[in-house]
Amino acid sequence: MTERPEVNASLPDEERLEAIISPSERKGGKVFPALCSVLGTLILLGVIAAFIPLTVPRLMGYEIYEVVSGSMEPEIPVGSILYVEETAPEEVEAGDVIAFMRNGSVVSHRVEENRYVEGEFITKGDANSEEDTVPVPYESLVGKSVYHFPVLGTLMSMLAGDVGKLYALAFAACGVMFHMLAAILKSGR
């Protein structure tokens, strides 16, 4: 333990108090402002990191989709995020996972056969026992799946909604407030 310095008893009360309390204690300490600053930074970085998988790939030309059915499990589980790159139909090979439009929805299945002459794909979900009954015409092709990451699709759905955006804004505001609190504590106000 640190001992307090001897203080002249003839000093006025306020000056004696100033002599007893160290400068770091008068200004709120050094540790608490640093913790507030670090916590604020971590919160802000967390908000930014949550949006990176949703924004940067789009800037690189990928379409982003959430997997909502189990037809491609276990390879691509429900709740995954799927990055799809636009691809010419002639470049798609058997074994590639493609995204295509069917009845107004985007479907992702593996190509069993590319029928170049007919201009269509025969596809099958990995979890399905048989090929899809309806061939996929070239015009329905969205692109080829390049990457997929489990769980991120659920995060994407949450953040893309109004409530998710509100939470992100609230967290960002908390991060800024922690930085403001740290500045106030450092200045000794």
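Predicted model: local features only at pLDDT ≥ 70, side-chain atom pairs only at ≥ 80, totals over all residues.
I43 sits in helix α3. Its relative accessibility is 19%, so I43 counts as buried, the cut-off being under 20%. Show what surrounds it: leaving out residues up to four places away in sequence, I43 touches F171, G175 and F178. Now pick the C-alpha atoms of I43 and G175.

Next, show the whole of helix α3, residues 31-59. Helix α3 lies across β1 and β2 (81-85), and runs at about 145° to β1. Then select helix α4, residues 152-160. Helix α4 lies across β1, β2 and β7 (141-149), and its angle to β1 is about 95°.

Now hide the helices and turn to the sheet. Seven strands make up this open sheet, with antiparallel pairing. Trace the order: β1-β2-β7-β3-β4-β5-β6. Colour the edge strands, β1 (62-66) and β6 (136-137). Each of these pairs on one side only.

Strand β5 covers residues 120-124, and two bridges join β5 to β6 in an antiparallel run. Select F121: its bridge partner in β6 is V136.

Last stop: E120, in strand β5. Is E120 buried or exposed? E120 counts as buried, because its relative accessibility is 18%, and buried means under 20%. Display its contacts beyond four places in sequence. E120 touches E113, N114 and R115, along with P135, V136, P137 and Y138.

Methods:
Residues numbered from 1 in each chain as written. Heavy atoms only, no water. Pairing = 2+ DSSP bridges. Helix = DSSP H or I, 4+ residues; strand = E, 2+ residues; numbered from the N terminus. Contact = heavy atoms within 4.5 Å. Axes fitted to C-alpha atoms, helices over the stretch in contact; angles between N-to-C directions. Buried < 20%, exposed > 50% of the residue type's maximum accessible area, 1.4 Å probe, protein only.
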